[in-house]
Amino acid sequence: MEKGKECIIVGTLYKHMKLKPCILDEYSKERSVTPLVKPHNFIHSDDYLILEDESGRVHLGGSVLSPSIYVSGVVFALHGKETDAGDFLVLDFLEAGLPPQIEKPLKSREDKYVVLLSGLNIGSSSSNPLLFQLLVDHITGHLGDEKEQEIAAQIVHVVIAGNSVEIPRGLLNGQNLTAKDQSKLSEPIKELDIFLTQIAAGLPVDIMPGPNDPANFCLPQQPLNRFLFPGSSVYNTFRSCPNPHCFELDDIRFLGTSGQNIDDLEKYSEAPDKIDFVERTLKWRHLAPTAPNTLGCYPFTDRDPFLIESCPHVYFVGNQATYDSRLLKGSEGQAVRLICIPKFSETGIAVVLNMRNLECHALSFDTQFM
C-alpha cells in the first residue's frame, strides 16, 4: 500500500471484539466472588475489523463494512486507500459470492420428496414417544388421508441432522457406574435404534451427529459408530454420516450441517433472521468461517475441509428454533434452497422437500388433542 493511492488488497478479516470470551476471564471467574455474566451475543459498538495476510495487518476504516455483520475468518478483496493515520479506507469490497453450480437436471414430471429432521433429543424431558411414532407412521404411509399417503409413497430419503439423543450426563461424574446407571445411559440410544429401524425398513435414512450426540466435539464430526445401532445398521438403507454432510440424489446436490456453524455465527455477528447467516456462509464459500477461532475444529494443515467449492442445490442447517426457507439465486444462474430445520422435540416439525422443483414445506405433528 502507498499512502493516498487507491489499490486493491486481498486478505482474511479479523474482528476485534471487546466482549469476546478469553481464557484469562475464565481463570479470573474461578478466583472472583461474583461470577462473570455470559451474554448470548458478544457484539459491542467498539468492535472493529482488521484485514491480514502473511505480510501483516491493517485496520479498516470507513462505513462500507459494518463490523456487526462480519466475523473473523472471511476472505475479502477490498478497494480503497491508506489514510494519514495508517488505516485503510474501504471504498468498495468484493466477497467470494456463490460458487459454480453443476447444472440442475431437466425437470422431472415425478414428485420425489426428502424428509429433513433435526433435534429429536430422545431421552430428554421434552421428547414425546407418541410424536415420534406419528412421524414414523406418516412417512411410512400408515397415517393420513389418501392425499397424504400419496405423498408418503413418493418419499425417497430421510435425513436426521444432529442431536438425536440426550444422554443424562449427570451420571458421568468419574465414578464407577452401577448397572442401573449404565442402563439409563444406554436407554436413549436403544430408543433411537428402534426409531431408525422402523424407517430404515422402508426408506433410506442418513443420520448425522450433533453437539449433544456421542461423537467427537470438533468439526468435522465423524459418523456415529454403527455398533450403537444393532437393529437399524443391518439394513443397507441405513447410513451413519459425518457432520457436515454432502451427498447427491438424482443429480441434486445436498449440503448440510447440524447447526454448530450457524449458532456460532449468531454469537459474534448480527442478522435479521437465522437464515441470513446460512446465506452468508454460502456467499463467503465457507461453512464455518469462525473455526478454529471460536468453533472447535480439527487442525488441518494442508487443506480446509469447510470450503464450498461447488454450489449445492439444497443447503440445510439443523437444530434451529424455528422453520425457515429461502430460494437463493446467484449471478451465474445458481439456485439454492436454504432450509433451517427446527428442533423436532420442541416444535414437532419436520421439513419435506420436493426434489422436482426444490419447493419445501413444514410437516407439523401435535399430540395435545390426542
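Tutor: Ile 8, Val 10 and Val 75 together make a nonpolar surface patch of about 310 Å². The model is a predicted one.

Next, a charged residue. Arg 280 sits in helix 6, residues 274-283. Arg 280 is buried and yet has no salt bridge. The nearest side chain of opposite charge belongs to Asp 276, at a distance of 6.1 Å, whereas a salt bridge requires a side-chain nitrogen of Lys or Arg within 4 Å of a carboxyl oxygen of Asp or Glu. With neighbours within four places in sequence left aside, the contacts of Arg 280 are Ile 69, Ser 269, Glu 270 and Ala 271.

Two loop residues come next. Ser 164 is in the loop that runs between strand 7 (155-161) and helix 4 (179-200). Ser 164 counts as buried because its relative accessibility is 0%, and the limit for buried is under 20%. Not counting residues up to four places away in sequence, Ser 164 touches Leu 120, Asn 121, Ile 122, Leu 192, Ile 207 and Asp 213.

His 40 is also placed in a loop, between helix 1 (23-31) and strand 2 (48-53). Its relative accessibility is 56%, so His 40 counts as exposed; the limit for that class is over 50%. Once residues up to four places away in sequence are excluded, His 40 touches Glu 266 and Lys 267. Between His 40 and Ser 124 there are 84 residues of separation in sequence, and their C-alpha atoms are 23 Å apart in space.

Now the whole chain. Its secondary structure amounts to seven helices and 16 strands. The radius of gyration is 23 Å, close to the 21 Å given by the globule rule for 370 residues, so the chain is as compact as a globular protein of that length. Along the principal axes, the C-alpha atoms fill a box of roughly 70 × 60 × 40 Å.

Of the 370 residues, 44% count as buried; Arg 280 and Ser 164 are among the buried residues. Contacts between residues 24 or more positions apart make up 69% of those with a separation of 6 or more. The protein chain exposes about 19,100 Å², and carbon and sulfur atoms supply 52% of that area.

Definitions and conventions
Residues are numbered from 1 along each chain as its sequence is written. This is a predicted model: local features need pLDDT of at least 70, side-chain atom pairs count only at pLDDT 80 or more; totals for chains, interfaces and linings use all residues. Side-chain values use heavy atoms; hydrogens and water are left out. Patches are made of residues with over 30% relative accessible area and no salt bridge: like charges are joined within 9 Å, nonpolar side chains (Val, Leu, Ile, Met, Phe, Trp, Tyr) within 5 Å. Accessible areas come from the Shrake-Rupley method with a 1.4 Å probe; for residues, only the protein chains shown count as cover. Helices (H or I, at least four residues) and strands (E, at least two) are DSSP runs, numbered from the N terminus. Buried means under 20% relative accessible area, exposed over 50%, partly exposed in between (1.4 Å probe, protein chains only). Lys and Arg count as positive and Asp and Glu as negative; His and the chain ends are not counted. Contact means heavy atoms within 4.5 Å. The radius of gyration is taken over C-alpha atoms; the globule rule is 2.2 Å times the number of residues to the power 0.38.
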